[in-house]
Amino acid sequence: MVPLSWYLLLAAALFGIGLFGVLVRRNAVAILLGVELMLNAVNINLVSFWRYSDVLSMTGQVFAVIVFAVAAAEVSVGLALVISVYRRRNTVIADELDLLKW
Amino acid sequence: MTAQQIIFLIVALFTLGSALMVVTTRNLVHAALWLVSTLFGVAVVYALLNANFIAVVQVVVYIGAIAILFIFAVMLTRKDMRDSGPQMNKNWWLGALVAVFVFAGLAFLLQSWNGVSATAAALPSGFDAISLLGDALVSPDAYVLPFEVASVLLLAALVGAVYVAFNKK
C-alpha cells in the first residue's frame, strides 16, 4: 500500500510547478494554465486525506467536487477576460498590460 | 515494493514531467496538450485512491471542458501563439527559487507531522462511495449549502463570462 506521504509530496511538487508557471510565464493564458495545476494539487490532497482518514465521511470528496466547480468558474471568467483584453489591446502578454502602472 | 507502489511512481513521474512541460514549453498549444496529459495522470492518481467518481469527473470536466476551453482561448488570441520573443520573465530564476522554497517548506512541514506515514484502512465491504457522496451533497445535515452556493457561483460565472467576452457591435 502506498503511504500517505507519497501522495502529499506529489501534490506539493505539482503545486510548486504550478506556482513557477504563474510567477514566470509572460502570456496570460499560460498563467491560467499554472493556476489549473495548483488547483489539481489541492484536489489530490483533499482526495488522499479522504482515503487515509474515515472513508465513510465524504468531506474530502465533497470539497473536491466543489473545487471542480470553482475551477470551472475561474477558468471561464479568466479566459473571457483574456479574450476581452486581447480585443482592446491586441496583446495577451502580462507585462504589456500596464495601463494602471505609474 | 508492491505493484501498487510501482504504478504510483510511474504515474507520479508522468504527471510531474507533463506539468514541467506545461510551464516550460514555448508553444502554447503544446502547453495546453501537455496539460491534458497532466490532468489524465491526476485522474489515474484518483483511481489509485479508490475515488472512482472523482476520477471520471476529472476526465469529463477537466479534460473534456476546461482543457478544450484553453485551446479555444489560445486560438482566439492567436497573434501571441507564435514563438517569437521570450516566453518567460527576465527574472525567472526568482520564480524558480520561490517555487523550490515552497516545495521545500511543504516537505519540511510534512516530515515533521506524525500522521504522514499513515496507511489506508481497507474499504468496508459493500462500500458505495457514489451514493454516500450523493447523500452528502444534498443532505441538510451535510453539505447542501456549499453545493447550492457552488451552483450560484457557476451561474454568476456563466453570466459574467458572456458579459465580459461579448462583442458589442
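**Two helices of chain A**

Begin with α1(A) and α2(A), which are roughly antiparallel to each other (an angle over 145 degrees counts as such). This is a predicted model, in which local features need pLDDT of at least 70, side-chain atom pairs count only at pLDDT 80 or more, and totals for chains, interfaces and linings use all residues. Residues are numbered from 1 along each chain as its sequence is written, chains are lettered from A and ligands numbered from 1 in the order in which they are written, and side-chain values use heavy atoms, leaving out hydrogens and water.

Select α1(A) and helix α2 (residues 28-52) of chain A: they pack at an angle of about 165 degrees, with axes 7 Å apart; the axes are lines fitted to C-alpha atoms over the stretch in contact, and angles run from 0 to 180 degrees between N-to-C directions. To display the contact (heavy atoms within 4.5 Å), select residues including L8(A), F15(A) and V22(A) of α1(A), and M38(A), N45(A) and Y52(A) of α2(A).

**Colour by confidence**

Colour chain A by pLDDT, the predictor's confidence in each residue from 0 to 100. The chain A mean is 88.

**A residue of chain B**

Finally, select L69(B), in helix α3 (residues 52-76) of chain B. Its contacts include V75(A) and L79(A).

Definitions and conventions:
Helices (H or I, at least four residues) and strands (E, at least two) are DSSP runs, numbered from the N terminus. Angles under 35 degrees count as roughly parallel, over 145 as roughly antiparallel, 65 to 115 as roughly perpendicular and the rest as oblique. Lists of a residue's contacts leave out its neighbours within four places in sequence.
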